[in-house]
Amino acid sequence: MRGVNIGGWLVGERWMTIGSPAWEGVPDDIANTGEYSTMKYLGHTKGDAQFESHRQNFITEQDFKDIAATGLNTLRIPVGYWITGFDNSGGGDTEGWKVYAPGAISYLDKAIREWAPRNNLLVFISFHAAKGSQNGADHSSPNHPGHCYWSGYPENVINTLDAVEWLAKRYKDDLSFLGIGLLNEPTDVDEAVMKQYYYDAYGRIRTFSDCLLSISPLLSQQNPNASDWNSFMPPPGWENVRHEWHRYQVWGFEQDKGWNADKLIDFVNNDLTNNINTWAGNWLFIGEWSIAASFGMDDDTLRRYAQAQLKAFSQATGGWTYWTWKTYNDDGTSRNQWSMKSMVQNGFLQ
């Protein structure tokens with residue numbers, strides 16, 4: 001995979017879509033906690049139309065054409081559990097999915113069945129927002145911001161299993177459907193519950209599909225020696241499985257902690273590259289990365305930093321997808337390092 005994330009589209013993230021109609025009339029402290037809190041505040045009368053406008057205008061087929069023109073082959077598209085339009089888990093808030101604006105599935109259908117095949121692209125779905133939240137962050141759209149209850153209640157896990165099975169079954173015969181990332185950036189969850197979920201999700205999906213599946217460790221376990229992940233679900237017993245890391249050099253790499261551009265580039269060329277090269281488990285997939293940093297760089301330094309990361313992540317056997325394609329109202333001329341569109345057009349990512 002050589003690709004890019006379509007972030008902020010079907011799972012709202014205000015920080016990267018400020019200016020979108022999705023957040024119109026919503027106080028910052030509510031909008032910043034995600035789509036659930038925002039729709040709870042707006043209600044369907046206002047919220048449905050605002051999120052429909054966001055989905056319709058933020059990403060279009062022109063973006064798919066532009067992505068294909070850069071030479072990329074894969075799109076990683078985040079989705080939330082509400083996209084299925086049901087919750088048969090039998091516990092917790094079984095009506096929670098109804099809070100969200102309906103209709104996201106029609107856009108995922110367009111992406112996988114129309115836009116991607118017409119532009120020779122593959123789509124890898126990321127299960128970004130699970131019932132109960134697996135990390136408490138805005139991109140998991142938590143009912144209780146800052147808290148993750150996913151592994152604490154069986155109904156949450158049941159709902160997630162039902163959802164990923166439903167998605168895999170819906171798209172199993174579509175040529176542009178590559179597979180599913182089974183859980184995005186789990187943090188404060190029970191590792192044993194999460195591993196059993198991966199076993200169970202694999203077992204359900206393999207009854208009808210050999211699509212690609214990625215498993216993510218806890219965010220704190222993204223290194224070659226963490227837990228027993230390098231021996232988890234190995235072939236030939238488990239096939240077509242990727243181990244997913246998200247490696248950003250932003251948080252924890254601030255100047256007040258002693259970091260500067262040269263030190264950051266050295267870290268990428270040495271520590272990060274060694275982490276990737278010494279990984280011994282399932283093929284490694286870098287599902288998210290960016291050339292964003294916590295401090296500014298001049299153009300030449302930013303190019304060096306970008307090239308160092310590209311070289312490092314090219315060692316990941318399963319490939320990579322950059323976060324993210326663009327921010328809201330991004331015409332490709334900004335210097336926003338989170339926007340691959342702008343970084344490509346400005347010559348920083350070649």
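## Helix packing: H7 and H8

Helix axes here are lines fitted to C-alpha atoms over the stretch in contact, with angles taken between N-to-C directions. The model is predicted. In it, the axes of helix H7 (residues 261–277) and helix H8 (residues 299–313) come within 9 Å. They cross at roughly 5°. Angles under 35 degrees count as roughly parallel, so H7 is roughly parallel to H8.

On the H7 side, the contact residues are Ala261, Asp262, Leu264, Ile265, Val268, Asn269, Leu272, Thr273 and Ile276. H8 meets them with Thr301, Arg304, Tyr305, Ala308, Gln309, Ala312 and Phe313. The residues of this contact divide into 10 nonpolar, four polar and two charged.

## Nonpolar cores

In soluble globular proteins, nonpolar side chains tend to be buried together. The largest nonpolar core here holds 102 residues. Trp9, Leu108, Ile125, Leu182, Tyr197, Tyr198 and Ile291 touch the most other members. Helix H4 (residues 104–118) gives the largest share of this core, eight residues.

Leaving out residues up to four places away in sequence, Trp9 touches His54, Arg55, Phe58, Ile59, Ile77, Tyr107, Ala111 and Trp115. Another core lies apart from the largest one. That core has six residues, among them Met16, Ala292, Trp323 and Trp338.

## Overall fold

The protein chain has nine helices and eight strands. Its radius of gyration is 19 Å, close to the 20 Å that the globule rule gives for 350 residues, so the chain is as compact as a globular protein of that length. The C-alpha trace spans about 55 × 50 × 45 Å along its principal axes.

Buried residues make up 59% of the 350 residues. Among contacts between residues at least 6 apart in sequence, 75% join residues at least 24 apart.

Key. Residues are numbered from 1 along each chain as its sequence is written. This is a predicted model: local features need pLDDT of at least 70, side-chain atom pairs count only at pLDDT 80 or more; totals for chains, interfaces and linings use all residues. Side-chain values use heavy atoms; hydrogens and water are left out. Axes are lines fitted to C-alpha atoms, for helices over the stretch in contact, and angles run from 0 to 180 degrees between N-to-C directions. Helices (H or I, at least four residues) and strands (E, at least two) are DSSP runs, numbered from the N terminus. Angles under 35 degrees count as roughly parallel, over 145 as roughly antiparallel, 65 to 115 as roughly perpendicular and the rest as oblique. Contact means heavy atoms within 4.5 Å. Ala, Val, Leu, Ile, Met, Phe, Trp, Tyr, Cys and Pro count as nonpolar, Asp, Glu, Lys and Arg as charged, and the others, Gly among them, as polar. A nonpolar core is a set of buried Ala, Val, Leu, Ile, Met, Phe, Trp, Tyr and Cys residues joined through side-chain atoms within 4.5 Å. Buried means under 20% relative accessible area, exposed over 50%, partly exposed in between (1.4 Å probe, protein chains only). The radius of gyration is taken over C-alpha atoms; the globule rule is 2.2 Å times the number of residues to the power 0.38.
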